[in-house]
Amino acid sequence: MTSQELQRVRQLPAGRKADLAAYVDEVGRVTVADLAAHFNVSIDTIRRDLDQLDRENVLIRTHGGAVSATERAGRDREIDVRLSMQTAEKEAIAQLAVELVADGSVLMMNAGTTSLAVARALRNHRNLTIATNNLRIPAEISPAVFRDLYMFGGAVRTLTQATTGPVTLRMNASTSEVEIRCDIALIAVGAVDASGYSTSNLGDATMMADMIRRAERTAILADSTKLDRRLFAQIVPLEGADFLLTDKAPEPGLAAALAAAGVTVLVPEVG
């Protein structure tokens, strides 16, 4: 194909969208204005292309632009980007999670946008005691829901709006640490495979594992894009949790591993 013929193909919508997807994948994160200038088309055209590519799961549409879908499993993202990803799936998982929480119970929740969806879905619960490292939860959850709300201290990670540190609480500097336990830990993870549950940050993994250790029951929260994946830091093996809450049934290999580990998989009812 000559250069002129190639150029004509690239001007066709399908050809342009293929080039657009490749460009976003290479750059990682782009704005609509940048794409319009790069491809010499209107902003409205770029918006339509991005909307279609998002529907096809080729990239992730964000406010004012897009991010590469290939970054989904391996890198931390700004929380505003992650809030726009898999929103329906996270809400469905949150509805499953709240069915496991009884009024008056004690729960621990970690950072993550799925945990935020759970916090919002708890609106009809009462008299809960909640301990978390998720800095967004106090603003997302209704005061009517909880009796006590505690934040774990530590280093603040602005990227994820969370603290990373020991899972401990004390009333003041002169008192010793109090041993804490919870009825259920709701733990949002970055990946699930036959070896266990994992995340991209070592400090986060250590903190999640400590929450799980202190829980009578543990429910892992992971949308289906995180299944059959493995990230840098393992949290616990599969048998370290009681439930896996996800939006779609795992593939047979992972499903068999979960069953062998005694993990109950919960997915939304269809219809």
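Glutamate 216 is exposed, with a relative accessible area of 54%, where exposed means over 50%, buried under 20% and partly exposed in between (1.4 Å probe, protein chains only). The model is predicted: local features need pLDDT of at least 70 and side-chain atom pairs pLDDT 80 or more, while totals for chains, interfaces and linings use all residues. Residues are numbered from 1 along each chain as its sequence is written, and side-chain values use heavy atoms, without hydrogens and water.

**Salt bridges**

- The structure holds nine salt bridges, each a side-chain nitrogen of Lys or Arg within 4 Å of a carboxyl oxygen of Asp or Glu.
- One of them joins the side chains of glutamate 216 and arginine 181 (3.5 Å, N to O).
- Glutamate 216 lies in strand 12 and arginine 181 in the loop between strand 8 and strand 9, so this pair ties together parts that are 35 residues apart in sequence; strands (E, at least two residues) and helices (H or I, at least four) are DSSP runs, numbered from the N terminus.
- Arginine 181 is partly exposed, at 41% relative accessibility.

**A salt-bridge network**

- Glu179, Asp210, Arg213 and Arg214 are linked in a network of salt bridges.
- Glutamate 179 is exposed, with a relative accessible area of 56%, whereas arginine 214 is buried at 6%.
- Aspartate 210 pairs with arginine 213, the closest N and O atoms being 2.8 Å apart.
- These two residues are three positions apart in helix 9, which means that about one helical turn separates aspartate 210 and arginine 213.
- Aspartate 210 is buried at 17% relative accessible area, and arginine 213 is partly exposed at 48%.

**Second largest pocket**

- The second largest pocket has a volume of about 230 Å³.
- Of its 14 lining residues, the closest to the centre are Thr129, Tyr150, Leu169, Val178 and Ile180.
- Strand 4 (106–109) and strand 5 (128–132) are the elements that give two or more residues to the lining.
- The lining divides into 11 nonpolar residues, one polar and two charged.

**Isoleucine 235**

- Isoleucine 235 lies in strand 13 (residues 233–236) and is buried, at 9% relative accessibility.
- The C-alpha atoms of isoleucine 235 and threonine 199 are separated by 7.2 Å, although the two are 36 residues apart along the chain.

**Valine 156**

- Valine 156 lies in strand 7 (residues 155–157) and is exposed, with a relative accessible area of 53%.

Terms used: 1 Å grid on protein atoms, 1.4 Å probe; cavity = no way out; pocket = protein on both sides within 12 Å on 5 of 7 lines; lining within 4 Å. Points joined across faces, edges and corners; volume = space filled by probe spheres on them. Nonpolar A, V, L, I, M, F, W, Y, C, P; charged D, E, K, R; others polar.
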